[in-house]
Every structure is written in structure tokens, then in C-alpha cells.
Amino acid sequence: MTGWPTVARKDIRGLIGSRTGKAGIAFVALVFVSGGYIVPTTTSDPTMTDYDGFIRGIALFLVPLFGLLLGYRAVVGERAAGRLTLTLSFPHSRADIVFGKMIGRGLVLFVTITVGILGGAALIEYPFGRVALDRLVSYLGATLLLGFAFLAVGIALSTLTASLRRATVFTFGLFFLFVVAWPQLTGFFLQGLEYLNLASDELPNWAVFVHGAEPSMLYKRVLDTYVSPNKLTSGAALGSAGPWYLQGGPAVWLLGCWILLPTIGGYLQFRRTDL
Amino acid sequence: MNWQAIARNDLRKAIHERGAWALFAGFFLGFGGLAALLVQLGDPEFEGYIDLLAPGVGLLVPLAGIILGYEAIIGERESGTAVLSLSMPHSRAGLIVGKLVGRTTLLATVIAAAAFLASVILLYFFPSFSASRFVGFIAISIVYGTTFLWIAAGLSMTLSTSRRVIAAAFGAYIGLTLFWTVLIDLTETVLFRFRPTSGEPETWVTLASFIGPNTSFNYVLAEVLDAGTVPAAVVDSSANFVTPAVALLALVGWAILPVLGGFLSFRQDDL
């Protein structure tokens, strides 16, 4: 585990060097900045809560997509091109490659989202609004956690297969399942549990917990607790009256697990792959 | 840092070029022509002369600075002389310092010589001629021209083809002399989401407008030498940073920062 800085550095250079990479990074940052520009035109005395309310729908798609797109070619791209065996003939271990790529791409994600959100918050603060520092830090941290979670999942996916096409299919399938379909599945779960006589009229708390353990729903829960707490009363099961495991704090830890477990799992899988 | 040889060589070449002489002739015609015009109109006043000269100098001296500065490094680079010079015991910093000293001396000499010749006319025809005010005026003009010369030289170090350098240098000239205040006001309007603003302008707007080189130059002239008019952006500002010292500092900053940035990028450029 000494070669990861080299891997990370080369990875960052490759991402920033390509025109598509630059355009994608600029686009994500610009979306967050322009959100900060637009909110004060319609709201008087805007705060981070207004910013969150305006941009959450976009962020829920954009940040997972950005994380996955940053991650999904990380290992399989080199493997398909035959560079991976070459890299491994240097004194780099497989752990160097997985963690180096995670750190390099994570840094790109970190800088992009941080710059975007800080720019947006600056445009909220000046000249009309007021940005509370704790809300800003919570919002930034939650969005970063969401991005890192999908980056980790993407990198884990890229260790699974040797074909680029399959990696692409996996990635977009996962994006569709997690971000598009999963949050809409409440009704199906309710029906299924009612059929099993485990629920009546609404989902029991443990089922909400299981259903909500998906990163983008955890992200919503974190934001509803720390950035937009006035929304807490609207969601029946997510209210502050709900049990402790449906609050924001445990959701943060679960998001952390979504970062750690896929990374470790991806590495363990990759370690015993025959290249 | 063997820059003296480079500066001397640069000056020696410039003396044999038509451009430097044309510039000298242009400035002399400008300074002297305006004086002759006022004499023709009768009852020449030095006050009126210097008031009329200030806006003209504010637009033409930067142009001279840009013209003298833009080729400083890129010309050497494109003709291959830079590689040759650097194969001798000159460092890149030495090359830059030598070029800057040479070109700045040239600009100062051209303006000062033209002004000196013009002052003979002034001395003869203008009874209210004040040598100290005129010298001060010319000195500030030289500083102002040097600012633009160094901006152009900084661009000349950073960019890799002379066409880009020319475009960027003239863009900087137009943006900094004509449109600086407009750009600042536009930024303010966009930031305030196109709502009308009233009352005193924001402090940063005043500061940003004030440190624009053209505003600073005109402010120093009006405040110290009573020449020309105080720029509209700061004319009734009560902000405590609106002083001649800050204005001069802004001019120096506009000169040094581009050169510093240019040096940092030129230092590691592959020639």
C-alpha cells in the first residue's frame, strides 16, 4: 500500500485532461451555482432551506449519476484496455489500484461538489439572504456523502466484470433501480406485506427503515433532519415523533456504510479475480 | 540574473526600429499639437491644456504600453531568439527582467522626450506654465503606461502564439480603459438579480471601480495635480480607501501581478 498516491494522481490527471471529463465536472458545479442564483429571484430572504427545497429534485438525480459515472469505468476501463496487467507489473498492489482510484476520483467529486455548493451558498448569502453555517456544512456534508456512496458503488461494480459494455449496463441498471424505481416502490411493499399479514394500512417502522436504507432516500432523511427540519412533520413515518432509527443521525452512519462496504467488497472481489 | 545585457540589447534594437520613432513622433504631435491648437484659439491657459490632455493621455499612453509590451517575450519565442538567449548564461527570470527594463526605459524615454520638446512650446506661449505640475503629470503618465506595458508583457509570457497575445492584450486594453466601470456595474446588476438598486453603491463596487487602472490614473491626476476630472465612480464617495496612495498602489498591483503570473507560467513552459 504505497503506490496509491501515484494511481490517484494519474487518475485525476486523466479525468481533468479529457474534454468530456472537464465538461461534466463544470456542468455539475454550474448546476449547484445556478441554483443559488435562481432561488433569490423568487424568494425573499432566502436561506439554505430554500436552496435545498429548490435543488433537491435535481441533486437527487445529478449527484448519484455523477458519482456512478466517475466510478463505473475506474477499474474495468483499464482492464479492458489491457493496462491493468501492465500497472500491476509495477510494484503497485491491487489494493493500491482500488483505493487509489477511489481517492483520486473521490477528490474530483469532493472539489466539484464543494465548489458548486459554496458558490451557490455565496449567491444565496449575498446580497439578499442569510446562510447559517451549520446548515451549509450539513448540506454540503450530506451531498458529499451521497456522491461518495454512489462513487463507491460504481467502483465496486467496475471490479466485477471484464467487459466495458457489461459495466455500463450494470451501472445504468443500478442507477435506474436505486434512484428512479426504488423510491416509488412503497405501494408494492405495502401490498406485499399486507398479503403476508405483516402490515395494515401503512408500512410498519421496520419496513420503512429497510426501504429507506437506499442512499438517495437516506440523503433525503439527512436533509429533512438537518437542513430543512420544517418538512419533518409532513412525512408520516419520518417525523421527529418517529423512532430513533428513522432520524437523521443513523441515516448519516448508514450512508457511511454505503461508502465503506462497497469499497471493501469491491476490493475483496477484485483481489481474487483472475485477470 | 544577467539582465543588463538583455536590456541593453533590447534598447539598442529598438532605437534602430521605425516603431519607436513613430511612437515618439506621435506623442510629440499629441503634446505639441494640442498646445499649438490652444495657442491658435488665443489666450492659452495651462490649466485648460492639462485638463484637455488628461483624458487623451488616459487612452493613448496605455495603447503605447500595449504596443511596446506585447512582443516582449512571444516575439523572442516565435523567432527562436529566446532559446538562443537562454543557451547563454541567462536565466528565464533574467530574460524577463531584462526585457521589462528595456521596454519600460524605452516607453519612459519616448514619453519624456516628447514631453520635454513640447514643454519648450509651452514655456514660450503659456504664461501660466507650471513645470512641477507638468513633470508630475508626465511621471504619472509613465507609471500608467508602464502598467499596461507590464500587463501586455505578462500576457506575452503566458500565451503561446503572438496572435493570442495580441487579441488578449487589446482585449485587456479595451476592457480596462473603456469598459471597466461598466463591467463592474453589470456584475452588480446581475448579482442583485436585476432589481433596481438605490442610494450609495456597495463598498465593493466602489472599490472595484476605483482600482480599475483608468479610474485610478484619472483620480490621481485630478486629486494630486488638479488635472482633468475626478472619475464619476468615486466623485462623491465617502469611502476611506479613496486616496491617491491606494490608487497608485492599484496601478502598481496591475503591473506586478500579471508579470508575476506570467513568470510562473513561463518558468515551466516548454519553449
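This is a brief look at the overall build of chain A and at one helix pair in chain B, in a predicted model.

Chain A to start. Its secondary structure consists of 12 helices and zero strands. Reading from the N terminus, then, the order of elements is α-α-α-α-α-α-α-α-α-α-α-α.

Now the dimensions. Along the principal axes, the C-alpha atoms of chain A fill a box of roughly 55 × 55 × 30 Å. For 275 residues, a compact globule would have a radius of gyration near 19 Å, and the 20 Å of chain A agrees with that. Of those 275 residues, 41% are buried. On contacts in chain A: taking pairs at least 6 apart in sequence, 80% join residues at least 24 apart.

On to chain B and the helix pair. Two packed helices are described by the angle between their axes and the distance between the axes. Here the pair is α3, residues 46-69 of chain B, and α8, residues 162-177 of chain B. Their axes come within 10 Å and cross at roughly 160°. Angles over 145 degrees count as roughly antiparallel, so that is the label for α3(B) and α8(B). The crossing of α3(B) past α8(B) is right-handed.

Which residues make the contact? From α3(B), they are B:Gly58, B:Leu59, B:Pro62, B:Leu63 and B:Ile66. From α8(B), they are B:Ala169, B:Phe170, B:Tyr173 and B:Thr177. Sorted by class, the contact has seven nonpolar residues, two polar and no charged ones.

That covers both chains for today.

How values were computed: Residues are numbered from 1 along each chain as its sequence is written. Chains are lettered from A and ligands numbered from 1 in the order in which they are written. This is a predicted model: local features need pLDDT of at least 70, side-chain atom pairs count only at pLDDT 80 or more; totals for chains, interfaces and linings use all residues. Axes are lines fitted to C-alpha atoms, for helices over the stretch in contact, and angles run from 0 to 180 degrees between N-to-C directions. Helices (H or I, at least four residues) and strands (E, at least two) are DSSP runs, numbered from the N terminus. Angles under 35 degrees count as roughly parallel, over 145 as roughly antiparallel, 65 to 115 as roughly perpendicular and the rest as oblique. A crossing is left-handed if the near helix is turned anticlockwise from the far one by less than a right angle, and right-handed if clockwise. Two residues are in contact if their C-beta atoms, placed from the backbone, lie within 7 Å. Ala, Val, Leu, Ile, Met, Phe, Trp, Tyr, Cys and Pro count as nonpolar, Asp, Glu, Lys and Arg as charged, and the others, Gly among them, as polar. The radius of gyration is taken over C-alpha atoms; the globule rule is 2.2 Å times the number of residues to the power 0.38. A residue is buried if 20 or more other C-beta atoms lie within 10 Å of its own, exposed if 12 or fewer, and partly exposed in between; C-beta atoms are placed from the backbone.
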